[in-house]
Amino acid sequence: MVTLKEILETVSLVCKISVTNLRSKKRYRIFSEARGLYFLFARNFTNCGVQEISKYVNRHHATCIHYCKITPQLLKYDKKYRITYGEIESKLNKIARESKDENEDMLKQINIQIAQLLKEKERIVSSKEST
């Protein structure tokens, strides 16, 4: 699972805009379009609600809903915006895969620890029964 922080940082990196500017109240087109990408990816890559997504960048929840409606339209007609979208999407997919791999490794380690604890429990119980 990708976090809001990772999405914001990825959008910031690809769009060459500081995170501070993405969270600011500035309405320059470059900031506005980058925020639109953040909102769209946040809705698609997380289970967060619009209120949480919006609050993370100091916006009202209606702003998230608005951008999720207009950003796909911008993608239809603006080639440069589509290219930027593709770059961000590939980076976020990579982050998601890495996160999934890390989670699977952690789950394997936990299962190993559980198996060891169960063996230890069985050993303790059998030693108590024999005494």
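Student: Where does K16 sit?

Tutor: K16 lies in the loop between α1 (4–15) and α2, where the helices (H or I, at least four residues) are DSSP runs, numbered from the N terminus. Before we go on, please keep in mind that this is a predicted model, in which local features need pLDDT of at least 70 and side-chain atom pairs count only at pLDDT 80 or more, while totals for chains, interfaces and linings use all residues. Residues are numbered from 1 along each chain as its sequence is written, and side-chain values use heavy atoms, with hydrogens and water left out.

Student: Okay, and is K16 buried or exposed?

Tutor: K16 counts as exposed because its relative accessibility is 74%; the cut-offs are under 20% relative accessible area for buried, over 50% for exposed and partly exposed in between, with a 1.4 Å probe and protein chains only.

Student: What about the phi of K16?

Tutor: The phi of K16 is near 60°, which is a positive value in a residue other than glycine. Most residues other than glycine have a negative phi. N58, which is not a glycine either, also has a positive phi, of about 60°, and N58 is placed in the loop between α4 (50–56) and α5 (61–77). With a relative accessible area of 43%, N58 is partly exposed.

Student: Switching to charges: how many salt bridges are there?

Tutor: The count comes to 2 salt bridges, where a salt bridge is a side-chain nitrogen of Lys or Arg within 4 Å of a carboxyl oxygen of Asp or Glu. One of them joins the side chains of R29 and E33, at 2.6 Å from N to O. Another joins R123 and E120, at 2.4 Å from N to O.

Student: Where are R29 and E33?

Tutor: Both R29 and E33 lie in helix α3 (residues 29–45), and they are 4 residues apart, about one turn of the helix. An α-helix has 3.6 residues a turn, so residues three or four places apart point the same way. R29 is exposed, with a relative accessible area of 58%, whereas E33 counts as buried at 17%.

Student: And R123 with E120, where are those two?

Tutor: R123 and E120 are both in helix α6, 3 residues apart, which is again about one turn of the helix. R123 is partly exposed, with a relative accessible area of 47%, and E120 counts as partly exposed too, at 35%.

Student: Back to α3, how many of its residues are buried?

Tutor: In α3, 13 of its 17 residues are buried, and the helix is mostly covered. Its end C-alpha atoms are 24 Å apart, which agrees with the 24 Å that its 17 residues should span at 1.5 Å a residue, since the expected span of a helix is 1.5 Å times one less than its number of residues.

Student: New topic, how many disulfides does a search find?

Tutor: A search of the whole structure finds 0 disulfides, a disulfide being a pair of cysteine sulfur atoms within 2.5 Å.

Student: Which residues does T84 touch, leaving aside neighbours within four places in sequence?

Tutor: T84 is found in helix α6, and, with neighbours within four places in sequence left aside, T84 is in contact with V14, C15 and L37, where contact means heavy atoms within 4.5 Å. T84 is buried, with a relative accessible area of 17%. The C-alpha atoms of T84 and Q113 are separated by 44 Å, and these residues are 29 apart along the chain.

Student: And which ones does S24 touch, under that rule?

Tutor: S24 is in contact with R35 and R59, again leaving aside its neighbours within four places in sequence. S24 is placed in the loop between α2 (19–23) and α3, and S24 is buried, with a relative accessible area of 15%.
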